[in-house]
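Hi,

Have a look at it before you read on.

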4 protein chains.
Amino acid sequence: MSTKKILNVGIVGYGFMGRTHANAFRQVSQFFDLPFRPVLKAVCARNAANVAAFAEQWGYQSHETDWRKLVERPDIDLIDIATPNDTHAEIAIAAAKAGKMVMCEKPLGRSAEESARMVAAVEAAGVANMVWYNYRRVPAVTLAKHLVDSGRLGKIFHYRAKFLQDWTISRDLPQGGPGLWRLDASVAGSGVTGDLLAHCIDTAMWLNGGIKDVSAMTETFITERQHTLTGAVQPVSIDDASAFLAHFQNGSLATFEATRYARGHKALYTLEINGEHMSLAWDLHDLHRLQVFDHGDEGQLRGWRSVHITDGDHPYMKHWWVPGLQIGYEHTFIHQVADFLEGLSTGKPAAPTFRDGLATDHVTDAVLKSARSRRWENVAGG
Amino acid sequence: MSTKKILNVGIVGYGFMGRTHANAFRQVSQFFDLPFRPVLKAVCARNAANVAAFAEQWGYQSHETDWRKLVERPDIDLIDIATPNDTHAEIAIAAAKAGKMVMCEKPLGRSAEESARMVAAVEAAGVANMVWYNYRRVPAVTLAKHLVDSGRLGKIFHYRAKFLQDWTISRDLPQGGPGLWRLDASVAGSGVTGDLLAHCIDTAMWLNGGIKDVSAMTETFITERQHTLTGAVQPVSIDDASAFLAHFQNGSLATFEATRYARGHKALYTLEINGEHMSLAWDLHDLHRLQVFDHGDEGQLRGWRSVHITDGDHPYMKHWWVPGLQIGYEHTFIHQVADFLEGLSTGKPAAPTFRDGLATDHVTDAVLKSARSRRWENVAGG
Amino acid sequence: MSTKKILNVGIVGYGFMGRTHANAFRQVSQFFDLPFRPVLKAVCARNAANVAAFAEQWGYQSHETDWRKLVERPDIDLIDIATPNDTHAEIAIAAAKAGKMVMCEKPLGRSAEESARMVAAVEAAGVANMVWYNYRRVPAVTLAKHLVDSGRLGKIFHYRAKFLQDWTISRDLPQGGPGLWRLDASVAGSGVTGDLLAHCIDTAMWLNGGIKDVSAMTETFITERQHTLTGAVQPVSIDDASAFLAHFQNGSLATFEATRYARGHKALYTLEINGEHMSLAWDLHDLHRLQVFDHGDEGQLRGWRSVHITDGDHPYMKHWWVPGLQIGYEHTFIHQVADFLEGLSTGKPAAPTFRDGLATDHVTDAVLKSARSRRWENVAGG
Amino acid sequence: MSTKKILNVGIVGYGFMGRTHANAFRQVSQFFDLPFRPVLKAVCARNAANVAAFAEQWGYQSHETDWRKLVERPDIDLIDIATPNDTHAEIAIAAAKAGKMVMCEKPLGRSAEESARMVAAVEAAGVANMVWYNYRRVPAVTLAKHLVDSGRLGKIFHYRAKFLQDWTISRDLPQGGPGLWRLDASVAGSGVTGDLLAHCIDTAMWLNGGIKDVSAMTETFITERQHTLTGAVQPVSIDDASAFLAHFQNGSLATFEATRYARGHKALYTLEINGEHMSLAWDLHDLHRLQVFDHGDEGQLRGWRSVHITDGDHPYMKHWWVPGLQIGYEHTFIHQVADFLEGLSTGKPAAPTFRDGLATDHVTDAVLKSARSRRWENVAGG
């Protein structure tokens, strides 16, 4: 007889993120011993045939084609949002009003203004909420957080992060429509700023605290593309590349950059933090490694250590296999569900909450504003 | 309505390997579109309370404490063996006689003699069979196989493989009993030769063909250890380290080495193959990368390419996420199940079959024999 | 009988840079077959005993304690300046007026204004001149230049460079005086901007053309230090860290950063350039390697190539050893002398000339100005 | 007035090794403060025109065409042998008899028998002597030696070394004659065994002590080649590849391999030593780095450290530049001269002496013998 509480999950969306979320809910109970057991209760998407097939393949108990129905179903405890960005706010606010817990794919809204309404809704409703900034739960990144929080790095001087991709270099790539909505600012909110820099900023503020001000530039290298659906050649509305300088509140300096035009990089999210006593670096392309430099090591033998984050005493890793055997990308989502469920039972909500997600949106708003004004801009609340 | 055929799986064992196998059967249908859908029908282990808890956690429909009962159950299609090596033969032979498909954790038996009886049983029964040499299904290794088979490497001159660990260096580590049966030759058959070299040999023969002869050395660095259960100090029966030189049938030379005394390496399985036109190298610690040197590249720009095996056109990868996002260790087992199920439907059995597993055991037998004789030994059937 | 022309060299300075220059003049003739043979005619420094000892150790034919005397000596063909930055202009201008060829350690002057006077002097005198931006002559960097110039990269989207050090983190490090004049802005001109970023900018403009505008930030982390000579605690006048965003004239975006507070990095000058078809990356800590990504490689096997720049068909390398055997830092200076001498004989002056050095100073001036104004600043002549 | 003693050097040979030796003698005094100052007194080679040109280019004071004359010249203190292997013994023995110090390019002789006569000659004459196993003087390798000697590694379990090249893969490469005498066993003694494995063995015994026994295999992949001079197709007399297993006297196990058929490797000499508490690894392709794993590091942060051997407290490095700036291949020879000269003044001869070189030849002899006998062979004196 199981003593676990069932948590019925309804997920809106079955694309790339719909799959990572569903997998996370489906896998967590085998690997983590938690008081809650999530159940894939329902999946929702507009195409009836497709959603039925997906539901069967993934073992969902039911499916819907209208998210409003899903939100109203009394047998759903948690609404998980895995749809394009322009629908996040409406669904999240409705779900909160219906008293459901809400998890939302990042970025929270298309702007800080939109995100602020989402925060207000979940906080008014008093429902548990979280944003899927999954990279916090890469064990190597979590270990970096532990090290920073321990104070071992000493005073922080520098932070730098990049997220480099190369998948939109071809002029023949169309924009808009299913699978390519990230190239349409009316749906996505922005280009790489909200898509890629948002990840970098979330991790950065988690590790290194608030950002005070920014000086940014953005660029749209290819200014016209055919639309996937209409075939019409239209102006490109998004930023293809975005970079900014920043001051953190703790006095450290930062450089951030994201682009989809860095030939040779698929999803190269790298971060580095330089402290007085210790520096850390990480790279999504080898996510199971943390680079550590400890100035306390004896002089002759100081060097960057390549730590293979696969031991039982590394964050999350005792739940998986044995030392030397790496996990991958999808596990970060499983870890996030595990922490969310633990937060439910301890009453100490797991981060990043919607409010944390809003803080990132304040930075991306400032970045986009600075790129237009060509001056330093302060971050709201920063 | 699903058109998939159900394949009822009964797994014996719930340790490290029991978990990797169960996860593979449980995950395959969400990511691969196959005619068969495996179901975790039953798990079997001796401790009734533990096996019940494991069955609930993993969603098995039932559980058993006697593998003989499991083997006789008419509702089981496939027996999967994830127990210590000394039980492989008995279970596999009984399962085959009962007409079940059989999958068996590696190595097949504790010796070629034992393995030969297992081969005879499954071939007499005409049941599908496979050995879990999972590293063939690392996408980077599979890609290496495709490249070798394409002939692009040209004549092969060299092959080298190592499997280095460091977990038994402490004298205080006991031997025998649950979790430490790998240190007991009566259970395991041998030490690192059957545990680690067997992996290296299986991949090597898959990539580079049969091995003709070997010259080997083995060593037991710590010759006495306390027994986990009895507390008695007893001689260590296994080889702690094992290395050998070999000639492949194709005329190439090889060096192989495995040890549990290589400080700093957790599970460093590396392989390299040098051909006339192209060389390839791979490393389990970064399993999502293949190193490729193509002598056909223009002279000034020749260099080892670090290929991040995460694209849709890489083996197995279209079933997972998007370029740049890596998978991990456990996925190799999922791939193996996928290939096994596809083999069932096409009638072209997926390798390595029991017969392939036996070929590896012929090599490990020759290695152990050469280490004793201090001469070159021919490989049976090699 | 040698047919080579003798080139008598007088070097001012015998510190770190004095040694690299002297070694370059002393070594070039053994490894390069050139029409000129430089001779270490005289070294000049203020301390008579030290300079005599240095002259003997290095085989100089004579020594001086007053650079004005050296400049006037009729037996000197070329004045090489290896002194702190505040003396560059005066010596160079005097040397030019005396009709000597002039080579000057970088940065040219302490500001573009100062450098412009130096340019005017050498151009008025019509004497050969060069600035020691030695990193252009790392064979891997030179190869990058060849690749960019060949057009193979296609349209350039991004350039990024960093020069990270960690040697001034300790508060106990004093400032000023011999060996530490780089911490005194009145001598050095600026901190890392002129010292480290200048290198990055020189290479960047050589590879990728002119820089249009910049947005920068600088920081002085430790604001007071004891003076080496007086012992007095004084404000720190230099920038400890400096970073900027930039637009190149060709439309590409750039990020630049330099610091002496990046724990773990000794002299990590890295650069990367992303083109439509090819990307290149290089790292001073492994200066004998060039990273190359060629999108023209077949899809499955695309990866960053680590090219070991030690083959006879790599720039400069046929003059050294055999493939696989690396050269080091000092060789970049030897290459620069070789190119300078070849320029003398062909009449096609080797770069970077003083005028090229001035272009870099225009950028560093704009960087320092932007850091003060907190806005984008155009680069003079950019 | 210099107080240094002049050491007049006569070098036989001006090929690849002649250049590295000459450069070492020519450079050492600028960078090391030693009681002796070597002078390039004479170079000797058979071709009168070539040797005259070389002498002028390198600044030799004289030249000879008959090494016997050189050996008899009273103004020569030290004979340095940089000729093909078949001439080492005769020249060295004559030089010793003439009372000259002798330095000899490795391997000492073509066989242990030949080397033993050379040892006898220098010991009978009581002249200083040394073999150019230059890789001991790579600062990273020297640091490894210091670490091993300190006992910090604890009990040694494993040693492994490889020297991989790919320059003889083409069937069209001729054999014999100038530049290709390494393919002619009558001149070279053997193929890769004496050329490449000898380096690996010298370093290995220096780091890890004597070798007891070996089991080896050799291969000649291309069995006939045209001769450079005669054009005749002749059998290939050398081993193209050679690998062996070994037991060290300290109980550790080893694998060694060398080949000229490992596509993609130019001169990949790698070594690794695994101790109970610490492991070390090094790679000639990045010779300025030492990989260090210290099990004493705290568990979560253990990893291989990539130590950039460019600091003032690293072996030899205070004589060069500043932290972060690497030296290269040629510097190992300069270090060797520095140590030789220091040995002259302290009376504590620098290693490896001829007697040390003989010890390596005993191992290569055993390797070649074992490859023929297909059994383990004991090393003479091992």
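Let's start with a term: buried area is the accessible area (1.4 Å probe) that two parts lose on being put together, summed over both. By that definition, the area buried between chain B and chain A is about 3,600 Å², and carbon and sulfur atoms give 46% of it. Three residues, Lys266(B), Trp321(B) and Gln326(B), supply 19% of the area that chain B buries against chain A, more than any other three residues.

Some housekeeping before the rest. This is a predicted model, where local features need pLDDT of at least 70 and side-chain atom pairs count only at pLDDT 80 or more, while totals for chains, interfaces and linings use all residues. Residues are numbered from 1 along each chain as its sequence is written, chains are lettered from A and ligands numbered from 1 in the order in which they are written, and side-chain values use heavy atoms, with hydrogens and water left out.

**Chains A and B**

How is chain B related to chain A? A rotation of 180° with 0.0 Å of shift along its axis superposes chain B on chain A, with an RMSD of 0.0 Å. That is the relation of a two-fold axis. The superposition is by least squares on the C-alpha atoms of residues with pLDDT of at least 70 in both copies. If you want to find the axis on screen, look for Gly328(B): of the residues of chain B, its C-alpha comes closest to the rotation axis, at 2.4 Å.

Now for contacts (heavy atoms within 4.5 Å). Here 41 residues of chain B are in contact with 41 residues of chain A. Of the interface residues of chain B, 100% are also interface residues in chain A, so the copies meet through the same surface.

A salt bridge is a side-chain nitrogen of Lys or Arg within 4 Å of a carboxyl oxygen of Asp or Glu. Side chains of opposite charge can pair when their charged atoms come close. Between chain B and chain A there are four salt bridges. One of them joins Asp286(A) to Arg289(B), with the closest N and O atoms 2.8 Å apart.

Helices here are DSSP runs (H or I, at least four residues), as are strands (E, at least two), and both are numbered from the N terminus. Helices α1 (16-31) and α2 (48-58) of chain B each supply at least two residues of the side that touches chain A. With nine residues, α1(B) gives the most to that side of chain B. By class, the side of chain B that touches chain A has 15 nonpolar, 17 polar and nine charged residues.

**Chains C and D**

What about the other pair? In chain C, 41 residues are in contact with 41 residues of chain D. The two chains bury about 3,600 Å² between them, 46% of it on carbon and sulfur atoms. Lys266(C), Trp321(C) and Gln326(C) supply 19% of the area that chain C buries against chain D, more than any other three residues. The count of salt bridges between chain C and chain D is four, and in one pairing the side chains of Asp286(D) and Arg289(C) meet at 2.8 Å, N to O.

**Salt bridges elsewhere**

Over all chains, the structure holds 96 salt bridges. For accessibility, buried means under 20% relative accessible area, exposed over 50%, and partly exposed in between (1.4 Å probe, protein chains only).

- Glu298(A) forms a salt bridge with Arg152(D), the closest N and O atoms being 2.5 Å apart. The pair crosses between chains, from the loop between β15 (289-294) and β16 (304-308) of chain A to the loop between α6 (139-149) and β7 (156-164) of chain D. Glu298(A) is partly exposed at 39%, and Arg152(D) is partly exposed at 29%.
- Asp339(B) pairs with Arg137(B) in a salt bridge at 2.8 Å between the closest N and O atoms. Asp339(B) lies in helix α9 (residues 331-346) and Arg137(B) in the loop between β6 (129-131) and α6 (139-149), so the pair ties together parts of chain B that are 202 residues apart in sequence. Both Asp339(B) and Arg137(B) are buried.
- Lys106(A), Arg182(A), Asp195(A) and Arg260(A) are linked in a network of salt bridges.

Cheers

How values were computed: Nonpolar A, V, L, I, M, F, W, Y, C, P; charged D, E, K, R; others polar.
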